[in-house]
Each structure stands twice: as structure tokens, then as C-alpha cells.
Amino acid sequence: MSPPLTLPIEGMTCASCSARLEKVLRQLPGVHAATVNLATETASLEGDADLAAACDAVARAGFRVPQDSLSLAIGGMTCASCSTRLEKALGHAPGVLAAEVNLATEQATLRVVRGTSVAALVAAVERAGFRATVPDPAATASAPPASSRAGWHVVLALLLSLPLVLPMLLTLFGVHFMLPGWLQLALATPVQFWLGARFYRAGWKALAAGSGNMDLLVAVGTSAAWGLSAYLLLTAPGSHLYFEASAMVISLVLLGKWLEARAKRQTTEAIRALHALRPTTARVRTDGVDRDLPIAALRVGDQLVVRPGERIAADALVIEGTGSVDESLLTGETLPVEKQPGDTLTGGAINAHGVLVARVTAVGAETALARIIRLVEDAQTKKAPIQRLVDRVSAVFVPVVMMIALATFVGGWLAGGGAETAILNAVAVLVIACPCALGLATPTAIMAGTGVAARHGILIRDAEALERAHRVDTVVFDKTGTLTEGSPRVVACMGTDGDADAVLARAARLQAGSEHPLARAVLAEAEARGLGGAPAHAVQALPGRGLSGELDGERWHMGNRRLMQEHGIATEALDTRAMEAAGHSLAWLAHGATLAGVIAFGDALKPAARAAVARLQARGIETVLLTGDHQGAADATARALGIGRVRADVLPEGKAAEIAMLQAEGRVVAMVGDGVNDAPALAAADVGIAMGGGTDVATHTAGITLMRGDPMRVADALDISRLTHAKIRQNLFWALIYNVIGIPLAAFGFLSPVIAGAAMAFSSVSVVSNALLLKRWRPEPSARDGYAG
């Protein structure tokens with residue numbers, strides 16, 4: 001019987017809670033006894049309880065098992081079979097709810113029960129035959145180049161192997177000579193057992209764990225060739241020897257692994273570039289004195305002084321000075337952005353000119369740069385859905401290849417080809433089979449794709465969003481702040497009694513203290529006209545409709561036509577047809593059942609909005625406008641942008657239903673928005689795309705975040721998704737075709753072990769190199785970059 005399973009529990013408040021939870025846990029399959037301790041907030045289960053099932057049962061009972069996410073840096077993996085084996089081993093480790101192992105990043109990402117011992121997880125990794133350490137964030141910024149020791153091993157292996165291959169090459173020019181057998185043995189043995197020792201070590205660990213990997217294939221194959229040659233040297237002097245096959249295969253595989261490591265390092269350049277944006281010191285002004293402090297000593301509220309050419313140390317708000325800030329590495333914005341008091345600064349950006357004094361608003365892990373780094377790292381370590389299929393293939397790949405090699409040997413011998421030929425054909429089968437290319441095909445493309453996207457201000461949350469985005473055929477846009485500037489202004493005001501100023505003054509009193517964009521527009525216009533008054537009392541926000549409050553003892557309502565209809569207030573007393581035809585948003589003001597007036601708001605379209613819509617339509621993607629604004633304003637915006645399908649007067653909770661209706665038509669839908677009211681639709685869509693400058697709720701809900709509020713970047717996000725998915729398909733195709741064609745050719749004797757080893761060594765390199773072609777991708781220029789279309 002398994003040892004007792006102990007779980008931390010959150011949410012219990014009394015003895016009845018613990019009793020109820022005990023009752024639920026005792027009903028789990030395999031549980032013989034369950035004890036819940038209210039004082040220590042733990043549950044102990046005896047028997048063969050499943051951890052995930054126990055956590056689900058706790059959640060159904062109304063409580064929580066606190067969980068944490070952690071990463072481990074893994075050493076010693078060489079192919080997809082290794083990552084699959086380790087993932088399985090970690091999945092069975094105590095306290096682990098989910099485990100993902102990424103071969104390309106050499107990282108394991110775990111979801112564990114809080115309190116799970118990291119030492120126990122490291123021990124589980126070591127039992128599986130690998131090495132594990134907790135990654136050091138500081139080390140990521142300066143990742144070492146490919147091991148110089150590995151490079152020297154490649155050089156030595158090639159120097160020792162080339163004399164063995166030289167006679168074979170000279171025969172092409174009519175020169176025939178053979179090295180003495182003892183010299184061939186002397187050259188091949190250090191390559192086989194010293195420089196190739198890594199294959200024996202890793203292969204043995206795989207065998208000890210009841211599995212196989214690429215190292216086992218190489219070790220068995222080359223050992224067979226070396227052993228056959230040594231046997232012939234001792235028993236049949238003068239026979240042809242095959243030391244060149246064993247030595248050259250090991251040399252070429254070592255070379256391939258070294259090149260692969262160098263190429264894989266290039267796929268993580270985006271992460272290192274982001275880490276490099278972090279300055280190490282900050283100039284802080286205290287009591288009028290400037291002094292340099294370590295970045296770790298910076299606190300929220302400190303005053304930063306940023307001189308021209310210096311990197312901004314943390315997120316901050318400008319309180320003094322003006323300047324231009326280069327945010328290109330963070331947002332993809334090619335031109336410096338002018339900053340003045342009241343503007344925000346993002347840590348990691350460079351002050352191009354002017355001295356800025358700013359108050360720190362976020363430090364450490366809470367800065368925008370830190371969140372961007374986490375987002376990109378998470379995306380690069382997560383597995384795409386297609387990778388699950390690859391993992392299942394990799395799990396059986398090595399055993400199947402071993403059986404094919406055995407069948408090749410037995411079949412060749414029985415067919416009368418002789419033991420030597422049969423052994424060489426089996427060796428060729430073993431060394432040409434490459435699970436590495438299969439394992440690297442998907443993660444390297446995802447790393448390269450998400451990395452280059454991040455460099456251009458497109459943050460992709462996970463591989464699943466990347467994989468879904470390539471199938472999008474419908475893009476739904478929110479209006480305000482997405483296609484418009486999101487800075488409305490009052491353009492007209494009318495009162496039923498002809499007193500427009502009175503309408504505006506009451507509206508300003510109702511909106512006092514609000515941060516809503518329309519409220520800011522009302523307050524700004526009232527201040528410009530010199531209107532004021534005491535703020536309203538008992539103000540109540542009415543989501544998707546407006547607000548109400550008390551003014552001078554009367555209840556007033558301000559909002560859209562739906563709010564007026566709810567209170568039985570007729571709006572026909574004011575002629576607003578011209579306002580609606582111009583696309584203005586309307587806010588009505590009323591008290592009791594009496595209409596008092598209406599305010600019209602104008603919000604300019606973003607310069608690139610029309611080009612962005614046209615670009616999507618040129619790709620065969622349908623565009624839809626989804627807004628809470630009235631039908632007239634929505635239709636005017638749609639006409640200006642060339643959008644044919646409009647959904648107006650939609651409440652926030654209704655936006656998700658509209659998305660579901662489109663999906664019911666068989667469409668793959670991307671939703672583009674920037675506000676809290678867009679969050680349900682962003683979550684309901686197949687792909688949620690949040691615009692830069694939007695609310696935290698929107699960016700946390702979306703699968704893709706655009707750091708610039710430029711709608712042209714929507715098409716760019718879909719483009720990089722399609723290109724990345726195409727690279728994944730290309731890589732998987734070539735990895736599979738290579739094995740499907742190469743293994744039969746080797747089995748029937750059409751490939752020598754040397755050629756097979758060279759092909760295997762460079763298959764992984766070709767997959768990684770193909771993925772690296774994504775780094776050449778550049779987004780199309782937008783209107784603000786000089787786009788004229």
C-alpha cells in the first residue's frame with residue numbers, strides 16, 4: 001500500500017467544514033481512510049488515492065488545495081524519448097499534478113501541491129537518469145556559448161577518424177592502400193570508449209529506467225561495428241575492417257549535437273535580449289541629492305532621474321521634465337515616444353533625449369518588462385497540442401527501431417548475405433534512426449516564432465494560442481480603444497429646455513471621480529466652459545448602460561438609450577439623427593421620467609484602422625464590429641472602415657454570446673479588445689487578442705497581447721502564427737519522411753553506417769536551422785511607420 005497522501009487545504013472555517021470534506025474524501029476510489037485536521041488545515045488519505053482526483057474532490061466540496069508552478073533546468077536529455085521518459089517519471093513524483101518537459105529549452109515545467117519538496121523532485125529526475133537544478137534567472141541573460149569542451153571533443157574525434165576514412169576516399173582516385181589493423185584499432189578505440197562515453201552513460205541510464213533513447217541506438221550500433229572489426233582483426237588478419245564506421249558515426253553525431261546546441265541557443269535569443277534590458281543600477285533622488293543604487297534597492301515611490309542615453313530602471317510616472325523614449329525592443333514601436341509629466345515610463349526603455357524625473361510605480365517581478373519575460377518564457381516552455389502526438393510516437397520509437405535492426409540482422413544472415421553484411425546493415429538502421437529531429441520539430445519552431453514575435457511587440461501567451469491562431473477566419477473588433485483612439489471628446493450638447501450648459505454641468509457632477517473615458521471627456525469640457533458644482537451622492541454604476549446618482553435631492557440617470565428605455569423615458573423629444581449619422585456616441589440625461597438632454601461624443605479612428613481591416617479582408621478573413629455603442633455610431637464606424645457585419649447595443653455579458661453564435665456557424669474566431677467589458681468575449685473566442693494600453697483584465701484573459709495599440713498588428717499576429725505552424729508542419733514532415741525512407745534503405749543495405757550516421761547527425765541540425773528561418777520575419781509597416789495604404 002502507498003504511503004499516506006497529505007494535502008494542504010484552504011477555505012475551511014469550522015468543524016462542519018472538515019467533517020464534510022472527510023466524508024467526500026472517504027468516497028474516493030482506493031481510499032481506505034481519510035482524516036481532515038482543521039487546526040493544521042491538512043487532509044491525510046490512506047490507501048491508493050489519486051492526487052488529481054483528490055484535488056478535484058476537494059474543489060467540489062468547496063475548498064482548495066493550494067498549488068504552485070515551478071521550473072527545473074534539465075541536463076542530460078538527448079532526444080524526444082528522453083523528454084517523454086522524464087515527463088512520465090515526474091508525473092508520478094509525489095505532489096506533482098502536471099509535468100511538461102521541453103527538449104528544446106531543456107526545462108521541466110511543473111504544477112505541484114504547495115509545500116512539495118524541490119529536493120524530492122530533483123531526486124526523481126536523477127532516478128530517471130538526468131540532472132536537475134533550479135534555474136537562476138540572472139544566468140538566463142548571459143547564457144554560455146556551446147561548450148568549448150564539446151567542441152574540442154568534436155575536433156579530436158574528427159582528427160582520429162579522418163585517417164580511417166582516408167583510404168576509402170582515396171579509392172575514388174584510384175589509390176588503394178589500407179592502414180595496418182592495429183593502427184585502426186588504436187585510432188578508433190579512444191573515439192569509441194572515451195569521446196563516445198557519453199552515449200554509453202546516457203544509454204545505460206535509459207536502460208536502467210526501462211526505456212531507450214538515441215544514445216542507446218548509437219552505443220549499440222557503433223559497438224557492434226567496433227566489436228565486429230576487433231573480432232576480425234584477432235581471428236582473420238587481413239580481412240576488411242569496419243573501424244571507420246564506428247569512429248566516423250560517433251564523430252559525426254558529436255558534430256551534429258554540437259551544431260544543434262549552437263542553433264538551439266539562437267532560438268532563445270529573444271529571452272536573453274529581454275533580460276539584457278534590465279539595468280543593474282538606478283539613479284534615485286532623495287532630499288534633492290542624486291545617488292546610484294542597486295536595482296534591488298529600488299522601492300515604489302522612489303524618484304528616478306533618467307538622463308539622455310540611459311535605460312529606465314523600472315516602471316514609473318513622469319513628474320518633471322520632457323523627453324523622447326525609445327521603446328522599440330519592448331513594443332516594436334520604431335519611433336521614439338514623446339514623454340511629459342503625467343505620462344508612464346516602462347522599465348527597460350531608453351531615454352533618447354531630455355532629463356526625466358519620475359516616480360516609481362512598480363519594481364521587480366511586477367514591472368511590465370518582468371511580466372513580458374514571464375509571458376514569453378511560459379509560451380516557449382509550453383507544449384503545442386500537436387506535440388502530444390509526437391510524444392506518443394517518440395515513446396515507442398526506440399523499441400521499434402531496435403526490433404527492426406534485429407530483424408535486419410536475422411533476415412540478412414538467413415538470406416545468405418553473411419554475418420558481416422547483416423551486422424553492418426543492422427548498424428546502419430540503428431544509427432540512421434533519429435528521434436531527435438521529431439522531438440525538436442515543434443518546440444524549436446515555437447521558440448523561434450514566439451521569440452521573433454516578442455521582439456516586434458506581439459506577446460503570445462502559450463503554444464495553444466499560437467496553434468489555434470493560424471486557423472482564424474473571422475476577426476471580431478471592439479470599437480472604442482481598439483479601432484478608435486479611445487480618447488473621446490464632447491462634440492455637441494443639447495437640452496430639452498435649450499440650456500446645454502445646465503445639462504453638461506449636471507453630467508459633470510454625476511461623473512465626478514469617475515475614470516471612464518466618457519466621464520473624463522465630460523469633466524474636461526465642463527472645466528473648459530467654467531462649469532462646476534458639488535458631486536452627486538449615492539452614485540451607482542450600471543454596467544453596459546450608464547450610471548445614476550442624486551443631485552439636489554432628485555434621482556438622475558445618465559447613459560445610453562437602453563437605460564432610458566428601462567425607466568420608460570422617451571428620447572424622441574430631441575432630434576439626434578445628425579449626431580448618429582456622424583457616428584457620435586450618445587449619452588442621455590434624465591431625472592425621474594423626464595428627459596433633460598443629450599451629450600454627443602466623438603472619438604477619432606486610429607490612423608491604421610482602415611488599412612488593418614483591409615489587410616485582414618485581403619487574406620480572406622471576415623471582419624465583424626462588436627460594440628456596446630448605439631447602432632448609428634456602430635454603422636458609421638463600420639462604413640468608414642469597410643466592415644460589413646455589425647453587432648451594436650451589446651452588453652458586456654452579451655459579447656461572449658455573440659462570439660458563440662459565430663462559432664456555431666463553424667467559424668474560428670479571434671476577438672480583439674482592450675477593456676474589462678471585453679474580457680468575457682476574449683475568453684470565449686478561439687483566440688483572444690488584447691490591445692496594448694488596455695486593462696490588465698483584458699491582457700490576462702487574452703492568448704495574444706499586442707504591446708502597441710496598433711490594429712495593423714492583428715494581421716501580423718495571425719501571420720507569425722501561420723508561418724510558425726507552417727514551420728512545425730515542415731519540420732515534422734521532414735523528420736518523419738527522413739525516418740520512413742532512411743530506415744528501409746539502411747535495412748536493405750543501400751546505406752553504409754558512415755552515410756547513415758552523417759544523415760542522422762544533420763537531421764536535427766536541419767530541423768533547428770529551418771525553425772531559425774522564422775527570425776527573418778518582419779511585420780508590415782503601419783500608418784504610423786509611414787504606411788500609405
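**Helices, cores and aromatic pairs in a predicted model**

Ala636 is found in helix 23 (residues 631-641), where helices (H or I, at least four residues) are DSSP runs numbered from the N terminus. The model is a predicted one, in which local features need pLDDT of at least 70 and side-chain atom pairs count only at pLDDT 80 or more, while totals for chains, interfaces and linings use all residues. Residues are numbered from 1 along each chain as its sequence is written, and side-chain values use heavy atoms, with hydrogens and water left out.

Ala636 counts as buried because its relative accessibility is 13%; buried means under 20% relative accessible area, exposed over 50%, and partly exposed in between (1.4 Å probe, protein chains only). Apart from neighbours within four places in sequence, Ala636 is in contact with Glu580, Ala581, Ala582 and Gly583, contact meaning heavy atoms within 4.5 Å. His584 is 52 residues from Ala636 along the chain, and the C-alpha atoms of the two are separated by 8.5 Å.

The discussion now turns to helix 7 (residues 181-195) and helix 8 (residues 197-208), whose axes come within 4 Å and cross at roughly 40 degrees. Axes here are lines fitted to C-alpha atoms, for helices over the stretch in contact, and angles run from 0 to 180 degrees between N-to-C directions. Helix 7 contributes Gln192, Phe193, Trp194 and Leu195 to the contact, and helix 8 contributes Ala197, Arg198 and Tyr200.

Phe193 also takes part in ring pairing. The structure holds 5 aromatic pairs; rings of Phe, Tyr and Trp (its six-membered ring) pair if their centres lie within 6.5 Å, and planes under 30 degrees apart count as stacked, over 60 as edge-to-face and the rest as tilted. The rings of Phe193 and Trp226 are edge-to-face, because their planes stand at 85 degrees, with centres 4.9 Å apart. This pair links distant parts of the chain, with Phe193 in helix 7 and Trp226 in helix 9 (residues 214-235), 33 residues apart. Phe193 is partly exposed at 42% relative accessibility, whereas Trp226 is buried at 18%. Ring pairs join Phe193, Tyr200, Trp226 and Phe243 into a cluster.

Phe733 and Trp734 form another edge-to-face aromatic pair, 5.1 Å centre to centre with 75 degrees between the planes. Phe733 is partly exposed, at 44% relative accessible area, and Trp734 is exposed, at 54%.

Helix 9 also holds Ser229 and Leu216. Ser229 is buried, with a relative accessible area of 0%. Not counting residues up to four places away in sequence, Ser229 touches Leu241, Tyr242 and Phe243. Leu216 is buried as well, at 10% relative accessibility, and with the same exclusion touches Gly203, Leu207 and Ser211. Leu216 and Met402 lie 186 residues apart in sequence and 9.5 Å apart in space, C-alpha to C-alpha.

In soluble globular proteins, nonpolar side chains tend to be buried together. The largest nonpolar core of this model has 130 residues, and those with the most contacts inside it are Leu72, Ile74, Leu86, Leu110, Val475 and Ile704. A nonpolar core is a set of buried Ala, Val, Leu, Ile, Met, Phe, Trp, Tyr and Cys residues joined through side-chain atoms within 4.5 Å. Residues touched by Ile704, beyond those up to four places away in sequence, include Ile458, Ile460, Val687 and Ala717. A second, separate core of 22 residues includes Cys17, Leu25, Ala54 and Ala57.

Terms used:
Helices (H or I, at least four residues) and strands (E, at least two) are DSSP runs, numbered from the N terminus.
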